[in-house]
Amino acid sequence: MPDTEVAGLKAVGQVDENHAAGWVGPGVSDAAAAHSGHRCRLMERTYAGAGIPVGIAPFEGQHTTPAATRQPGTRQPERPLISVTTSAATPSWLADAILYQVYVQSFADSNGDGIGDLEGVVEHLDYLAWLGVTTIWLSPCFVSPFRDAGYDIADYFTIAPRYGSNDDLASLIDQARRRGIRVLLDLVPGHTSDQHPWFTRSAADPADHRYIWSADAVPDGFVPSPGTRPGGYLPNFFAFQPALNYGYGRPDPSQPWRQSPDEEGPRANRAALREIMDHWLGAGVAGFRVDMAASLVKDDPGHAETSALWGEMRAWLDREHPSAVIISEWGEPATSVAAGFHGDFFLQFGGPTDGLPLRSLWNNRQGTDQEQWAPVAPYFDAAGRGTARTFCDAYAAAAGIAGGAGQIILPTANHDFARLRCGTRGAAQLPAALAFLLTWPAVPALYYGEEIGMRFVPGFADIEGSVLGPQYNRAGSRTPMQWEPGPGAGFSSAPPGRFYLPLDPDPHRPDVATQRADEHSLLHLVRDLIQLRKRNAELGTGPAASLDVLHDGYPLSYLRGGRFLVVVNPSGRTERAAHSRADLATARAVLGSGVSVSADAVIAAPFAYSIFALPQ
Ligand code: GLC
Ligand code: CA
């Protein structure tokens, strides 16, 4: 695969098909094209949530496949074989989590230097507790040259001075725990910064195999050595992020850098991963979000060896840190959970259709977008030209395979792709989307500011590697949190010109203080939805929380636990769906408005959402 030039930055494609991050990976697969021709099947269907008993379980029986037995004839590793079954359930705290991603540099600046920091997070823990958040994930906050906003780590064991100190993290963990909030760190296993001492050493020593080095020539996709060592190294994402060597799924002696995962370099890197996890788990974190988790072993058909690696890590965690979790940036829960992850995100990339299910919900192509993504009308759009079918089918398939072994995690946005409020999708459309997110049987993931309807802000220059393509600037999702009205928005006392990124310049930008004072605000709705979910097991992910989708056109309607009826209408038109459940007419609205239910139909006003309780 050739390298891809993006806006002056070289986003490096890999020499094999193993690249995890779809935005620089191959285009949409044939499977995606086939999928778009897919047609409606049934009016009423039952989907499996993680651990949910199902009426129709399309993939029943597949969810206990041990990762290491799926590829007959491959290497028999000396490391333990892992069988992740439904009995190895995820800790209940993850199943019940309300996950909230804190992008540290943009969340709250406590010392007036214009950059968010750990003490700033501490200062807002009461807010997060009030909102109902149970777990926060901090994007990488380690020593780094920040050419990829901290995903280029130069020291895994030390907090970057711009965010504070290791002691500040300890105090954050402690203060969060007092409020019932767990802290996840970001684990970046696939690559380091080119400034990491492991790499500078490796660039000077041809006998070092912590990275993937060619001997003399610089093969396609490799980057010329910056050191005395000849040849070149394989990058994992940007050129300045050398891939750590975990070996190849298909070693090849004629290309000596294609080592077996059993060689010394890969073994040393696996040991280093355990050491890093052990260090931070010992400091009290609850686990990790794992960056580019699918990318570790190169040229790895079916991700067999990468899965075996994570199976090994999971076995180690289960022995040493049994309450810790690892959740993956993989975008394919069926594969990653079988590999050993406790949960995986649906993402804008990943899986057989390169992220189509998530994009079919949100991506209106006005925020972050890749030219190679097949056009899809997003379901959450005023035009009302999409369908929830694509997502529901993918969710059902993933949940059927993941079974009770792991959680599916559903975000509306993150630091890599556009926020919900984006382009023509304005504030009026957010309540229905967030009602969906918080009543769906996946673990909901809120990205900071989604709860007040912060906007994707277009038009920035590249900041710390934010630009990935002509229409792909991640900075738009990374602007400072809006805490208050006024010039600095309560983010920082620095002059706004010195902020990490400019604030959203919209004079009507939303903020926490104003919405907290208004019971009819989006913020209060999100809080109410979280409370409703927490108080009613039927709205969660456990055994009582079955999901029956009644209609996946407009409006979307589904039953949870046989007890709650949820109706959301993302369209700007009044929408009507017939149904054959006369008992629904007796349901009582518990949250929302604009939806009426009769004995044979549901009628929803533009952008309406409602949750009803059925008489028991
Ligand atoms: C992940 C991160 C992204 C980063 C990339 C390289 O996808 O979420 O922000 O640029 O990995 O580490
Ligand atoms: Ca600061």
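Where is P555 found? P555 sits in the loop between β18 (547–551) and β19 (556–560). The model is predicted, and in it a cis peptide bond joins Y554 and P555, with omega at about -5°. Most peptide bonds are trans.

**Overall content**

The protein chain holds 15 helices and 23 strands. Of its 616 residues, 63% are buried. Among contacts in the protein chain with a separation of 6 or more, 67% are made by residues 24 or more positions apart.

**Backbone with positive phi**

Most residues other than glycine have a negative phi. Two loop residues are described here with a positive value. D299, which is not a glycine, has a phi of about 40°. D299 lies in the loop between β11 (287–290) and α9. With a relative accessible area of 6%, D299 falls under the 20% limit and is therefore buried.

A489 is not a glycine either, and its phi is positive at about 55°. The loop that holds A489 runs between β17 (472–473) and α14 (512–516). A489 has 1% relative accessibility and so counts as buried.

**Helix packing**

| Helix pair | Angle | Axis distance |
|---|---|---|
| α13 (residues 430–439) and α15 (residues 522–535) | about 20° | 10 Å |
| α8 (residues 264–282) and α9 (residues 304–320) | roughly 35° | within 11 Å |

Angles under 35 degrees count as roughly parallel, so α13 and α15, at about 20°, are roughly parallel to each other. The crossing in which α13 passes α15 is right-handed. On the α13 side the contact is made by L430, P431, L434, A435, L437, L438 and T439, and on the α15 side by L522, L525, V526, L529, I530 and R533. By class, the residues of this contact of α13 with α15 are eleven nonpolar, one polar and one charged.

The crossing of α8 and α9 is right-handed. From α8, the residues R270, L273, R274, M277, D278 and L281 meet L309, W310, E312, M313, W316 and L317 from α9. This contact of α8 with α9 has eight nonpolar and four charged residues, and no polar ones.

**Calcium site**

Which protein donors does the calcium ion (ligand 2) have? The donors are D109 (OD), N111 (OD1), D113 (OD), I115 (O) and D117 (OD), at 2.2 to 2.3 Å from the ion. Along the sequence, the spacing of these donor residues of the calcium ion (ligand 2) is D-x1-N-x1-D-x1-I-x1-D.

Is N111 buried or exposed? N111 has a relative accessibility of 51%, over the 50% limit, and therefore counts as exposed. D117, in contrast, has 3% relative accessibility and so counts as buried. The donor list of the calcium ion (ligand 2) thus includes N111 and D117, of which N111 is exposed and D117 is buried.

Notes:
Residues are numbered from 1 along each chain as its sequence is written. Chains are lettered from A and ligands numbered from 1 in the order in which they are written. This is a predicted model: local features need pLDDT of at least 70, side-chain atom pairs count only at pLDDT 80 or more; totals for chains, interfaces and linings use all residues. Side-chain values use heavy atoms; hydrogens and water are left out. Axes are lines fitted to C-alpha atoms, for helices over the stretch in contact, and angles run from 0 to 180 degrees between N-to-C directions. Helices (H or I, at least four residues) and strands (E, at least two) are DSSP runs, numbered from the N terminus. Angles under 35 degrees count as roughly parallel, over 145 as roughly antiparallel, 65 to 115 as roughly perpendicular and the rest as oblique. A crossing is left-handed if the near helix is turned anticlockwise from the far one by less than a right angle, and right-handed if clockwise. Contact means heavy atoms within 4.5 Å. Ala, Val, Leu, Ile, Met, Phe, Trp, Tyr, Cys and Pro count as nonpolar, Asp, Glu, Lys and Arg as charged, and the others, Gly among them, as polar. Donors are N, O and S atoms within 2.8 Å of the metal (3.2 Å for Na, K and Ca); water is not among the atoms, so sites may look incomplete. Buried means under 20% relative accessible area, exposed over 50%, partly exposed in between (1.4 Å probe, protein chains only).
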